[in-house]
Amino acid sequence: MARKTIGERLAQLEAQRKTLQIRLGKQERAIDTRRKVLIGALVLHRLENDRDVHIGGGLAAWLRSELPKFLTRDGDRDLFDDLLKPRPHDPSLGNVGNAGSGSAAS
């Protein structure tokens with residue numbers, strides 16, 4: 001078996017480095033996507049189950065305020081139609097409608 005020249009060995013190592021860089025980039029993007037999915041799942045879970053959770057006046061109100069500025073594509077906005085429209089029984093709306101209905105005060 002013939003020995004590879006130093007140039008050939010360097011080229012092979014460079015190709016391996018590029019391959020590993022691509023794999024690392026994919027791995028980092030997958031981790032980033034997973035983090036976003038988990039945070040999104042937490043927010044959605046809190047909106048569905050814990051109406052009394054407050055972030056600066058209420059999570060639902062905060063999302064209605066921030067999502068329209070954050071979402072730039074119509075298709076993305078369509079995904080959040082249910083969150084962007086206020087609901088009459090939403091505690092973040094204050095004492096509108098049936099005060100006292102829903103969860104107990106903290």
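**Figure 1. R64 in helix α2, and what lies around this arginine.** You'll find R64 in helix α2. What you're looking at is a predicted model: local features need pLDDT of at least 70, side-chain atom pairs count only at pLDDT 80 or more, and totals for chains, interfaces and linings use all residues. Residues are numbered from 1 along each chain as its sequence is written, and side-chain values use heavy atoms, with hydrogens and water left out. Helices are DSSP runs of H or I with at least four residues, strands are E runs of at least two, and the numbering of both starts from the N terminus. At 15% relative accessibility, R64 is buried. (Buried means under 20% relative accessible area, exposed means over 50%, and partly exposed is in between, using a 1.4 Å probe and protein chains only.) L84 is 20 residues from R64 along the chain, yet their C-alpha atoms are separated by 4.8 Å. K85 is 21 residues from R64 in sequence, with 7.3 Å from C-alpha to C-alpha. K85 belongs to the segment after α4 and is exposed, at 54% relative accessibility.

**Figure 2. The largest nonpolar core, with L83 as one of its members.** Seven residues build this core: L47, L59, A60, L63, L67, L71 and L83. Helix α2 (residues 59–70) gives the largest share, four residues. A nonpolar core is a set of buried Ala, Val, Leu, Ile, Met, Phe, Trp, Tyr and Cys residues joined through side-chain atoms within 4.5 Å. Which residues does L83 contact, once neighbours within four places in sequence are left aside? They are L44, L47 and R64, where contact means heavy atoms within 4.5 Å.

Figure 3. A salt bridge here is a side-chain nitrogen of Lys or Arg within 4 Å of a carboxyl oxygen of Asp or Glu. Side chains of opposite charge can pair when their charged atoms come close. Because D32 and K36 are four residues apart in helix α1, about one helical turn separates them. D32 counts as partly exposed at 34% relative accessibility, while K36 counts as exposed at 56%.

**Figure 4. The salt bridge between R73 and D76.** Here the two side chains meet at 3.9 Å, N to O. Is R73 buried or exposed? R73 is exposed, with 57% relative accessibility, whereas D76 is partly exposed at 24%. Across the whole structure, a search turns up four salt bridges.

Figure 5. I6, L10 and L13 make a nonpolar surface patch of about 330 Å². Patches use residues with over 30% relative accessible area and no salt bridge; like charges are joined within 9 Å, and nonpolar side chains (Val, Leu, Ile, Met, Phe, Trp, Tyr) within 5 Å. L10 sits in helix α1 (residues 6–49) and is exposed, with a relative accessible area of 52%. The protein chain has an accessible surface of about 8,900 Å², 57% of it from carbon and sulfur atoms. Accessible areas come from the Shrake-Rupley method with a 1.4 Å probe, and for residues only the protein chains shown count as cover.

Figure 6. The protein chain has four helices and zero strands, running α-α-α-α from the N terminus. Of its 106 residues, 11% are buried. pLDDT is the predictor's confidence in each residue, from 0 to 100. The chain averages 77, and 73% of the residues score at least 70. Among the elements, α1 has the highest mean pLDDT (91) and helix α4 (residues 81–84) the lowest (75). Over residues 95–106 pLDDT stays under 50, and the model has three contacts beyond four places in sequence for this stretch.
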